Amino acid sequence: MKTSVIVNRYAHKGGAGQRWPAIKAELEKRLGPFEPQFTQAPGHATRLARDALMGGARRFVAVGGDGTVNETLNGLLDPSGRLLAPDSVLCPIPAGTANELCRALGHGADPSKAYDAAAATGRRAIDLVRVRCVGADGRPVERFGYLMAALGAAALVSQRTSQSRWAKKLGGVAYMLMTPAVILGYRSCGVAITVDGIERGTRPLFTALIANTENGGGGLRLAPGAAFDDGLLDLVEIGDVSRLGALLGVMPRLADGSHVGHPKVRTSRGRSFRFVSEIEMLVDLDGETIGRLPLDIDVLPRGFAVGAVEPMP
Ligand SMILES: Nc1ncnc2c1ncn2[C@@H]1O[C@H](COP(=O)(O)OP(=O)(O)OP(=O)(O)O)[C@@H](O)[C@H]1O
């Protein structure tokens, strides 16, 4: 199978570039010699993946963090979210800051598992998340992801972290420092929620996550029980909580997932969701700000596949 290796040397604040010779050696041991393609700018991995696909590649090894893997995946999809080549397989190699897809696959702590999966013939199907909202320029945006979408306070934390120069230098710790700064200035607002076509009414929302994977935000257990191949998304709503309540009562419990037992936290599952807010509310997908509400989100069950040593369950 023709293989394309796409490398973001700037992932993990440049740490991926430093580790690249060692990663390359591990990959060559398993795949044989290859010509890597280095991303030149944000978004470039999508074009590299699309060009390689048109050139006949079907195995796409994405070296970087979730941003790089997401961009690579988007290069493999048509505008409706279908794989342009149904036999294409994505192989994430953890070289970014959070590497949540690798973590969800059980490759987070041991990169050798990711190298082995990149060379194996097995596949594992993953649900694809489709998000439609309003972009920064006011025009509709449609994007595809695999981790989770966030709106409200969590999306604002992500946006502020990616925009801040000091936060970029700090890497993963930046989220933890940015979170109290954002939360102490944030207020819940009314959001009308529809799940699987059924209106649930308008209720105050501090933040909400619509999750495909259980983990997110740098290894936090944000959506306990979420499975990335069950054809469903898990909605975690943090409702009308005070700023101090959010900071002291909910946030410390995100690490082990016990926040879902908090009286202001509600969980549910569905295939499609719509969120409409009274005031402007940001939307984040897989760690990147993509726009604002109104937001429509749905799942394309088993929409793509990752490389796997074990055959698909
Ligand atoms: N040549 C480049 N110069 C600058 N930025 C780049 C370049 N190539 C890719 N990028 C951008 O780098 C950003 C960060 O990459 P990525 O998300 O893979 O790593 P990370 O943020 O360290 O990891 P994670 O998302 O897992 O926390 C992405 O938004 C990507 O678009």
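The paragraphs below look at one strand with its two partners, and then at one pair of helices. The model is predicted, so that local features need pLDDT of at least 70 and side-chain atom pairs count only at pLDDT 80 or more, while totals for chains, interfaces and linings use all residues. Residues are numbered from 1 along each chain as its sequence is written.

Strand β11 covers residues 233–238, where strands (E, at least two residues) and helices (H or I, at least four) are DSSP runs numbered from the N terminus. Six of the six residues of β11 are buried, a residue being buried if 20 or more other C-beta atoms, placed from the backbone, lie within 10 Å of its own. L233, L235 and E237 point one way from the strand, whereas D234, V236 and I238 point the other way.

β11 runs antiparallel to β10 (residues 207–211), to which five bridges join it, and pairing requires that DSSP finds at least two bridges between the strands. In this pairing E237 of β11 stands opposite A208. Six bridges join β11 to β12 (residues 265–270), again antiparallel, and there L233 has G270 as its bridge partner.

Helix α1 (residues 15–31) packs against helix α5 (residues 111–119) at an angle of about 35 degrees, with the axes 9 Å apart; axes are lines fitted to C-alpha atoms over the stretch in contact, and angles run from 0 to 180 degrees between N-to-C directions. The contact, which counts C-beta atoms placed from the backbone and lying within 7 Å, is made by E26, L27, R30 and L31 of α1 together with Y115, D116, A118 and A119 of α5.

Methods
Buried ≥ 20, exposed ≤ 12 C-beta atoms within 10 Å, placed from the backbone. Contact = placed C-beta atoms within 7 Å.
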